[in-house]
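User: I am new to reading protein models. Can you walk me through one?

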Amino acid sequence: MPCPALPDGFDFTDPDLLHHRVPHPEFAELRQAEPVRWIAQPPNLAGFEDEGYWAVTRHADVKYVSTHPELFSSTLNTAIIRFNEHIERDAIDAQRLILLNMDPPEHTRVRQIVQRGFTPRSIRALEENLRGRAGRIVETALADAGAGGSFDFVTQVACELPLQAIAELIGIPQEDRTKIFDWSNKMISYDDPEYAITEEVGQEAATEILAYAMNMAADRKQCPAKDIVTTLVAAEDEGNLGSDEFGFFVLMLAVAGNETTRNAITHGMHAFLTHPDQWDLYKRERPATAAEEIVRWATPVVSFQRTATQDTELGGKLIKKGDRVGIFYSSANNDPEVFDTPEVFDITRDPNPHLGFGGGGPHFCLGKSLATLEIDLIFNAIADAMPGLRLVGDPRRLRSAWLNGVKELQVSAG
């Protein structure tokens with residue numbers, strides 16, 4: 001099989017690329033001809049002292065990397081495949097305190113604590129509350145738009161339920177959720193010139209989230225309440241989180257539980273409105289399989305990375321100790337060896353072994369049950385209150401190295 005002829009300098013983490021599209025044709029070429037390929041980058045790009053990374057594009061290989069943390073570390077270079085070009089190495093190393101960037105056994109210890117907040121019982125306890133919130137979010141968007149008026153689906157609908165769910169889950173006052181929205185946007189929008197976010201502004205936003213969460217933890221230690229924060233931080237000497245660990249957990253939630261679900265909902269709405277047969281089917285039958293297909297189709301996180309802890313072989317290539325390995329979920333979720341007609345948006349797809357919540361292993365998404373619940377609830381509310389929703393304009397995409405983000409999606413309810 002000949003090696004795919006990607007253009008000179010082609011880089012799957014180029015933020016200008018994802019600003020315009022997810023590179024599905026290039027992923028397809030690599031999956032077929034060279035599923036593990038070295039992607040050269042300029043030396044010392046964005047804080048990494050190397051000259052590129054290995055792009056891993058097949059479903060099976062992404063799963064293998066994800067489930068072998070002893071070979072592929074999240075800690076050595078963190079899971080973020082490309083930072084702001086001006087970042088200092090010290091700032092990258094500081095992010096090892098976030099659960100996303102830990103390896104076992106430390107990851108195991110922290111995850112066992114924080115998953116107390118994501119038990120099936122905890123999620124079930126939120127369901128009726130969130131169902132009511134979903135209905136009110138859609139009704140408010142409809143009222144604000146007026147008869148036949150257009151509105152931005154991202155800010156009026158998609159972002160609201162994830163924010164309100166996080167606030168409900170960990171006890172953030174609902175009136176403070178806009179702070180979390182603003183801080184998380186600043187943390188992940190450093191590549192998009194529209195936001196004019198400098199590295200300093202992003203770090204300040206992260207500091208604000210940390211301070212806010214650490215203050216919450218300190219308050220609960222002094223005055224315990226019947227909420228998740230108290231469960232996670234009270235009696236630290238009995239195996240709970242310290243205030244700083246809780247702060248980094250909330251910082252991760254601000255992105256992992258907010259940005260990703262918001263983008264899945266936005267891409268899902270766009271998919272429905274550009275595939276009217278699927279929207280009609282959804283409105284009639286409300287299949288339980290819809291949320292998983294929306295996540296597969298959207299794949300809000302295009303890629304994360306790992307770093308080889310020793311020389312190893314993957315996809316017929318020798319990966320050397322210290323090499324960075326990019327695991328491309330957007331490619332894996334369109335692998336025809338796993339999915340029949342992956343280019344088709346099919347809300348009845350079953351089984352659907354997508355990797356939109358990670359490739360398995362220690363970093364499989366803690367909040368999967370909450371995310372799929374939110375997606376189900378919001379689309380049920382939209383189908384009930386806005387069955388005639390239509391597109392007004394094309395999505396305006398986020399310029400990012402690793403997120404499949406949408407900044408704006410204009411729609412009309414009439």
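User: What share of the contacts in the protein with a separation of 6 or more comes from residues 24 or more positions apart?

Analyst: A contact means heavy atoms within 4.5 Å. Here, residues 24 or more positions apart account for 71% of the contacts with a separation of 6 or more. A word on the source: this is a predicted model, where local features need pLDDT of at least 70, side-chain atom pairs count only at pLDDT 80 or more, and totals for chains, interfaces and linings use all residues. Residues are numbered from 1 along each chain as its sequence is written, and side-chain values use heavy atoms, leaving out hydrogens and water.

User: How many helices and strands are there?

Analyst: Both are DSSP runs, numbered from the N terminus: helices are H or I with at least four residues, strands E with at least two. This protein has 16 helices and 12 strands.

User: What part of the protein is buried?

Analyst: Buried means under 20% relative accessible area, with a 1.4 Å probe and protein chains only. Of the 414 residues, 57% are buried.

User: Which residues of helix 3 are buried?

Analyst: In helix 3 (residues 59-66), they are His-59, Asp-61, Val-62, Val-65 and Ser-66. An arc is taken from the directions between the helix axis and the C-beta atoms. These buried residues fall within an arc of 170°, so they line one face of helix 3.

User: Where is Thr-75?

Analyst: Thr-75 sits in the loop between strand 3 (72-73) and helix 4 (89-94). Leaving aside residues up to four places away in sequence, Thr-75 touches Arg-96, Asn-101, Met-102 and Asp-103.

Technical notes
Buried means under 20% relative accessible area, exposed over 50%, partly exposed in between (1.4 Å probe, protein chains only).
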